[in-house]
Amino acid sequence: MTNLQESLRRELLRTNRSGAYSSSTLVDCNTRKYHGLLVVPVPELDDENHVLLSSLDCTVIQHGAEFNLGLHKYQGNNFSPNGHKYIREFDASLVPTTTYRVGGVILKKEVIFQHYEDRILIRYTLVDAHSATTLRFRPFLAFRSVRQFTHENSTASREYHEVDGGIKTCMYAGYPDLYMQFSKKNEFIFQPDWYRGVEYPKEQERGYASNEDLYVPGYFEMPIKKGESIVFSGSTSQIKSSSLKKLFDEEVADRAPRDNFYHSLVAAAHQFHNRMPNGDRYLLAGYPWFKARARDTFIALPGLTLSIGEVDYFEKVMKTAEKGLREFMADKPLSVKIYEIEQPDVPLWAVWAIQQYAKEAGRDQCYKLYGKLLQDIVSYIIKGGHPNLRLDENGLLYSNGRDKAVTWMNSTANGRPVVPRSGYIVEFNALWYNALKFCASMAADKGDEKGAQDLEKRAELAKASFVDTFVNEYGYLLDYVDGNMMDWSVRPNMIFAVALDYSPLSQQQMKSVVDICTRELLTPKGLRSLSPKSGGYNPIYVGPQTQRDYAYHQGTAWPWLGGFYMEASLKLYKRSRLSFIERQLVGYEDEMDYHAIGTISELFDGNPPFHGRGAMSFAMNVAEILRTLQLMDKYSYQK
């Protein structure tokens with residue numbers, strides 16, 4: 001903890017499942033503009049999250065001597081006030097708990113984010129002290145979007161009002177009030193000031209502006225006795241200060257311990273939940289900057305819900321997502337906040353997600369809830385309803401991605417896709433064949449022989465064309481084919497043609513694809529997005545935006561792709577691959593306490609030592625690791 005090179009790269013994330021979050025590094029030194037103690041959506045202003053309370057510095061006072069436990073980075077690599085040097089212990093197994101030692105004073109700090117309320121709670125307990133002790137708390141306010149910075153200005157309001165156990169204040173019109181309250185009577189000293197030049201090194205690394213000024217309205221001060229606990233609440237709503245201790249205890253009791261790999265993943269899965277006031281349920285694609293995206297929703301949904309026995313949450317999210325899909329297919333305005341629903345593979349991934357539901361909840365229940373949706377999606381595609389998904393006479397789907405990215409490999413530079421995947425795209429058509437076969441089997445179950453035969457016929461045509469179009473003489477699959485243009489790059493998208501329940505490939509072809517993925521794409525952190533032997537390999541995701549855009553899908557490794565690779569391996573080699581897959585999963589277990597504690601980063605460098613990069617927590621990665629663990633259980637019990 002006292003080695004800043006180690007502790008500053010480890011981040012903590014806590015969410016309230018309603019879109020708000022609290023995040024910083026282990027030593028409470030914010031290193032991203034997205035960090036903050038209380039970061040909340042303000043729908044009245046825009047669609048972004050906003051940092052209201054950036055941090056809360058605690059100072060221990062004894063015999064007139066002040067020991068500030070805070071830590072901020074300023075320009076010129078200056079850190080102040082170096083509170084990390086007092087840290088003796090950190091534990092995040094239940095709630096993040098930091099123990100400070102200042103001479104004879106031992107102070108314990110526990111942080112929790114209340115579920116479904118925009119409220120951060122911090123409990124300070126004086127474990128030991130040999131003389132009278134006072135605590136002083138200095139709040140650092142930002143009141144800005146996570147995309148921007150705040151700087152000293154005369155517009156910011158200095159006005160505040162006393163409330164039960166503290167104050168409320170609001171820096172700018174349009175923002176909610178920030179209530180800062182304590183469970184114990186305290187004195188607020190109004191001493192307004194700006195702390196200038198606070199710097200965020202993660203933004204610097206990413207080639208962005210990286211410094212801002214933070215407003216401190218004053219400080220709270222109160223005595224504390226040995227053995228006493230004081231609870232702080234930072235929120236957009238007022239609370240009775242006398243209820244804070246009880247609320248903290250209740251929230252702790254509601255937390256499951258992150259005491260092993262699986263429990264940490266389950267806790268991470270719950271962090272992507274997003275419940276809106278109108279009852280709509282979403283899965284956020286990641287933290288700290290992603291919103292609910294359609295493709296990510298359908299890919300992550302089975303792993304984040306079904307794999308951990310939460311069938312009901314699958315149904316709630318799917319209910320909201322189905323509303324969005326139907327509105328899109330009917331060419332109506334969207335009433336749900338799901339982004340990128342127009343991407344051509346989204347309905348295909350929706351079918352895949354429902355297929356996973358059928359395995360967990362049973363085919364009868366699946367047909368009852370989603371039978372009509374499955375029919376409507378397939379019919380929509382066959383009739384050419386999608387503006388960028390054409391079903392050709394050869395039975396394959398064609399999509400134009402030359403000028404605009406249409407697949408998950410969606411990075412752009414100078415307004416153009418870095419990887420312009422267009423035409424017959426390999427995973428689109430693997431998903432299409434799988435969708436036709438699955439829907440045909442569901443129709444047959446329900447006695448719709450004519451419908452089932454029609455879909456089977458289409459599937460047979462798609463299968464023959466798939467093999468003719470994508471299988472090459474080197475034993476792997478072309479990534480996309482557009483007229484005379486064939487992409488010979490070795491990319492991971494071919495793994496879907498093996499991993500999906502229904503594959504258009506022969507057993508030998510499947511083995512060949514898995515072998516090439518193993519040799520050229522597999523890393524301890526998932527599959528590379530491009531083989532090192534292919535042109536343009538760029539495996540290190542660092543530097544300014546443009547540099548990172550060119551690396552994003554050109555060699556970086558993605559754990560969620562590794563999930564499909566492991567599914568393909570188990571499908572082909574059954575139990576004989578279990579120990580190999582266990583070893584693969586160890587690479588993720590190590591990751592749980594290296595970048596963002598208890599979760600998995602968005603992507604990793606494609607070369608050793610495979611550093612985690614991008615967003616601190618990514619839904620599809622967590623989902624596919626959970627789904628792999630469930631698959632391993634199933635294969636372990638098979639004879």
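Let's start with Asp28, which sits in the loop that links strand E2 (21-25) to strand E3 (36-41). Keep in mind that this is a predicted model.

- Asp28 is partly exposed, as its relative accessible area is 29%.
- If you skip the neighbours within four places in sequence, the residues in contact with Asp28 are Leu71, Tyr100 and Lys109.
- With Lys109 there's also a side-chain link: a polar contact of 2.2 Å joins it to Asp28.
- Glu44 is another story: it's 16 residues from Asp28 in sequence, yet their C-alpha atoms are 29 Å apart in space.

**His273 in strand E19**

- You'll find His273 in strand E19, which covers residues 273-275.
- His273 has a relative accessibility of 4%, so it counts as buried, the cut-off for that being under 20%.
- Again leaving out neighbours within four places in sequence, His273 is in contact with Arg17, Ser18, Tyr282, Leu283, Glu310 and Tyr313.

**The E26-E27-E28 sheet**

- Here 3 strands make an open sheet, in the order E26-E27-E28, with antiparallel pairing.
- The edges belong to strand E26 (424-425) and strand E28 (485-486); each has a single partner strand, so one side of each has no neighbour in the sheet.
- Strand E27 (residues 480-482) is joined to E28 by 2 bridges, and these two strands run antiparallel.
- Across that pairing, Val481 stands opposite Met486 in E28.
- As a general point, strands of a sheet pair through backbone hydrogen bonds, either parallel or antiparallel.

**Helix H14**

- Helix H14 (residues 559-573) has 15 residues, and the 21 Å from its first C-alpha to its last is close to the 21 Å expected at 1.5 Å a residue.
- Of those 15 residues, 14 are buried, so H14 is largely enclosed by the rest of the structure.
- Just after H14 comes Lys574, which takes a positive phi of about 50°.

**Helix H15**

- Helix H15 (residues 578-591) has 14 residues and should span 20 Å at 1.5 Å a residue; its end C-alpha atoms are 21 Å apart, which agrees.
- Which residues of H15 are buried? They are Leu578, Phe580, Ile581, Gln584, Leu585, Gly587, Tyr588 and Glu591.

Notes
Residues are numbered from 1 along each chain as its sequence is written. This is a predicted model: local features need pLDDT of at least 70, side-chain atom pairs count only at pLDDT 80 or more; totals for chains, interfaces and linings use all residues. Side-chain values use heavy atoms; hydrogens and water are left out. Helices (H or I, at least four residues) and strands (E, at least two) are DSSP runs, numbered from the N terminus. Buried means under 20% relative accessible area, exposed over 50%, partly exposed in between (1.4 Å probe, protein chains only). Contact means heavy atoms within 4.5 Å. A polar contact is a pair of N or O atoms within 3.5 Å; within protein, one must be able to donate a hydrogen and the other to accept it, and residues adjacent in sequence count only if both atoms are side-chain atoms. Two strands pair if DSSP finds at least two bridges between them. The expected span of a helix is 1.5 Å times one less than its number of residues.
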